[in-house]
Amino acid sequence: MADPTNHNQAGEVAPSTVNKQAPTVAKENAPSTDSTEATDSKAAKPPKQEKPATAATEEKPAAAKAAKKEKAPSVEDKPFVEFIEQDYLPALQKAIAQQGVQDLQVSFAKQKLPITGFESAEECWQIIGSWKETGLRQFNLYFPDEDIQGKKGFSCNEGKKPSTLESFLIDERKITLDLLVFGLVQRLDGQKWLGIN
């Protein structure tokens with residue numbers, strides 16, 4: 001590190017130019033103790049100028065609210081029966097047809113569960129699907145809560161009365177149209193009823 005002091009020819013230490021000027025420069029720029037600048041730090045700062053409100057800044061929150069309101073509700077928010085009839089059944093028929101089943105018949109009805117031992121249970125909404133490929137195949141998808149987000153059940157049979165009721169999509173947080181279609185197609189494929197099974 002360089003030594004800030006200078007040596008003259010006699011070897012004496014001479015003060016540097018910086019050291020000579022520093023006290024004077026500091027004294028000249030220091031606020032006097034008589035002025036309000038030294039005692040009131042707020043007075044030294046110019047007051048903040050408020051930005052005038054413009055029409056553009058006032059319209060932004062209104063535009064954001066309008067954009068949120070304009071967002072169309074999802075199909076899953078429709079009333080239960082309307083959602084099943086208008087959205088789910090057509091999507092399900094299309095998905096099963098893509099798996100090679102051409103004679104699928106699907107209906108939607110509120111009736112008693114066709115399962116042995118459930119004859120005295122209340123009626124509930126069901127999707128009933130059937131087709132004849134190598135014998136009569138039928139499946140039922142049950143909605144006892146009349147809500148796609150609520151409890152759901154499944155049963156299937158080949159020409160006989162179903163004997164078991166399975167839970168359906170119970171681990172999912174939010175049920176969507178695509179998930180309902182995919183879940184049922186996967187379940188029927190697991191039964192080896194679709195495609196080349």
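## Strand β4 and its neighbours

Strand β4 pairs with strand β5 (residues 136-143) in the antiparallel sense over 8 bridges; two strands pair if DSSP finds at least two bridges between them. Here serine 130 stands opposite glutamine 138 in β5. Strand β3 (residues 105-111) also pairs with β4 in the antiparallel sense, over 7 bridges, and alanine 109 has glutamine 126 of β4 as its bridge partner.

This is a predicted model, in which local features need pLDDT of at least 70 and side-chain atom pairs pLDDT 80 or more, while totals for chains, interfaces and linings use all residues. Residues are numbered from 1 along each chain as its sequence is written, and side-chain values use heavy atoms, leaving out hydrogens and water.

Helices (H or I, at least four residues) and strands (E, at least two) are DSSP runs, numbered from the N terminus. In β4 (residues 124-132), 8 of the 9 residues are buried, meaning under 20% relative accessible area (1.4 Å probe, protein chains only).

## Aromatic pairs

Rings of Phe, Tyr and Trp (its six-membered ring) pair if their centres lie within 6.5 Å; planes under 30 degrees apart count as stacked, over 60 as edge-to-face and the rest as tilted. The count comes to 6 aromatic pairs. The rings of phenylalanine 108 and tryptophan 125 have centres 4.5 Å apart and planes at 15°, so this pair is stacked. Phenylalanine 108 is in β3 and tryptophan 125 in β4, so the pair ties together parts 17 residues apart in sequence.

## Helix α6

The buried residues of α6 pack against α5 (80-97), β4, β5 and β6 (153-158). Among these buried residues are Leu177, Val181 and Leu188. Just after α6, lysine 192 takes a positive phi of about 65°.

Note on methods
Buried < 20%, exposed > 50% of the residue type's maximum accessible area, 1.4 Å probe, protein only. Contact = heavy atoms within 4.5 Å.
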